Amino acid sequence: MIGWGVLKGMGVTLRQFVGTYPAGRRLLKALRLPEGDGIFTISYPETKQQHAERFRYFPFLVYDATPDNLRCVACKICEQECPPQCIYITMAKDEQNRPLKTNGRTFPAQFDIDVAICMSCRICVDVCPFEAIEMDNRHEISTHGRGPELMFDKSALLRSADYFQQIKPTEAATVNARLAAKAAKAQPPKPAAPTPPAASASDTGGASGTTTPPPPHA
Amino acid sequence: MTDTLKTDLMEINLGPQHPSTHGVFQMAVQLDGETIVSLKPVLGYLHRNHEQICEDVSYIGCFPYTDRLDYFCAMTNNLGLAVAIEQLGGIEVPERAQYLRVILAELTRLVNHTSVTGFLLNDMGAFGTPLLYAFREREKILDLFEMASGSRMMCNYIRPGGVREDVPEGFLDRVRGITAAYPRFLDEMETLLTENEIIRQRTQGVGVLPRELAVSASVTGPMLRASGVDYDLRKVDGYAAYPRMRFKVPLGLAGDVYDRYYVRVLEMRESLKILEQALKEIPASGPALSAKGQQIGRSPRTFRPPKGDAYGRIESPKGELGFYLVSDGSPQPYRYHVRAPSFINLTVLEDMCRGQKVADAIIILGSVDIVMGEVDR
């Protein structure tokens, strides 16, 4: 019969429509029709979608305990491997052009990520031998400008190891295990590895780190 | 036209800024009344220098760029490049990763075919409804991609030697849930569309692609199979774990727009069968990335494949996706070329549109299933 296919199709849309109301869902249930998903949208600013743990946005720099105890040693591997070349690193040096050190490690004087160019590919995290850079899941960071506001400098990128632990517990566990293994390998006679105590002792220092202010808005 | 009344041909530009052209694509059409006399595709508005960029980064650095080729099917794009690099460098893939690749590739096929059906109906004038039903289902699969890779669309997940990291706990159970629930959605979509008289009137006998032309123009994918040619790289090449999967290759009879729609629906049903088998047979444990793959991932510049070339190809949802790589022994590809199915399927557009009405050109283009990110690169 001509038109029967169209009518059946309209039946589908009608069922979807009825299924968006609680009373309609009860009706569908009573009629033994599939209820469908009902309303599956969320009204965004009031309710927010729960992201997967692996959800990645822009990278951040990890520090242990205090913000001057960066894991980054300014080796520039991520700068070299970054496909769109959005990372800019300068190692901290003194007047004689010798690298400065804190806690026996070199550190970056400048560490900028141009997030207007960054494509959140996670390659910097994969290549970093010091587990110093990780992917953040903060994504509500829109600004009014697209110049300096989108150039995240070192202070805007710093996050504590506790923050990393908080947003990505599974990944942080594997990273901590890798760091502990590395530390044990580097100093076999000393039982106290430098990193795990720092992670556990950073409860007070890290608490302020989790509330690191977001990059300034224009 | 009658002999008594002579009129000029009318030239119309469809696109480049038009929602029905699926991106910035222009069709310069010559019309005789409403009938198409000639159609000239104008490409290049979305050219991003993909191949040259990838010749300047390491082999691993190419992967995030392949996500942006066909942004509906990031997983299969990753897989295509991974297959090419594995051939070039002789990298083995562990068993579990082979199955994970099959699962992710078939989920991508579901995403692509579901959304292209929605867009095709959008082109026909059914604004919104079928497209939103399609996007509702697509969203569930994209959530799974986010769970595994961290990103819904720009996955950057499949790597030479396996996948970047093993899927998180509970991932396969959620895939099982999707696989079990999907047939009901397909039934619903078919009730809505397959027997709909208006859709049949609009699509049957429209945009016929003859078998011989399809073969000689190197058309691949659902478009080729809708013209009745049995050619599916999952069967022909048998990459990943596909040789162990039992599935049919659906073929069309007429090669018109309706067949292209229906072949995609049948392919989705076969994809669900493949998913069921893969979920049943996947090894519960084992590495998801080979040792060499891990080493390449952690230090991409140490991967210097021997001099030579390799062509890796897979059956992407749109057709044969091939990556041709030439290595000169350095950490970067010397030559990197993409054989993009959207681009090559688009070459027969004029032949399909000639003699049809101008309104049909839109749905013929919609049935080709192009993504401009892949056409222009």
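Contact here means heavy atoms within 4.5 Å. Keep that in mind for what follows.

A word on the source. This is a predicted model, where local features need pLDDT of at least 70, side-chain atom pairs count only at pLDDT 80 or more, and totals for chains, interfaces and linings use all residues. Residues are numbered from 1 along each chain as its sequence is written, chains are lettered from A and ligands numbered from 1 in the order in which they are written, and side-chain values use heavy atoms, with hydrogens and water left out.

Chain B to begin. Ser115(B) sits in helix α4, residues 95-124. Helices are DSSP runs of H or I with at least four residues, strands are runs of E with at least two, and both are numbered from the N terminus. What does Ser115(B) touch, leaving out residues up to four places away in sequence? Phe72(B), Leu131(B), Ala134(B), Phe135(B) and Arg138(B). Its relative accessible area is 1%, so Ser115(B) is buried. The cut-offs: buried is under 20% relative accessible area, exposed is over 50%, partly exposed is in between, with a 1.4 Å probe and protein chains only.

Now the helix packing. α4(B) packs against α15(B), residues 358-368, at about 175°, with the axes 9 Å apart. Axes are lines fitted to C-alpha atoms, for helices over the stretch in contact, and angles run from 0 to 180 degrees between N-to-C directions. The two helices are therefore roughly antiparallel. That label needs over 145 degrees; under 35 is roughly parallel, 65 to 115 roughly perpendicular, the rest oblique. From α4(B) come Val116(B), Leu120(B), Asp123(B) and Met124(B); from α15(B), Ile362(B), Ile363(B), Gly366(B) and Ser367(B).

Over to aromatic pairs. Rings of Phe, Tyr and Trp (its six-membered ring) pair if their centres lie within 6.5 Å; planes under 30 degrees apart are stacked, over 60 edge-to-face, the rest tilted. Why is the pair of Phe58(A) and Phe152(A) edge-to-face? Because the planes stand at 85°, with the centres 6.5 Å apart. Phe58(A) lies in the loop between α2 and β1, Phe152(A) in strand β7, 94 residues apart. Both Phe58(A) and Phe152(A) are buried.

Next pair: Phe60(A) and Phe164(A), also edge-to-face, 6.2 Å centre to centre and 65° between planes. Phe60(A) is in strand β1, Phe164(A) in helix α6, 104 residues apart. Phe60(A) and Phe164(A) are buried as well.

Last item. Ring pairs link Phe55(A), Tyr57(A), Phe58(A) and Phe152(A) into a cluster.
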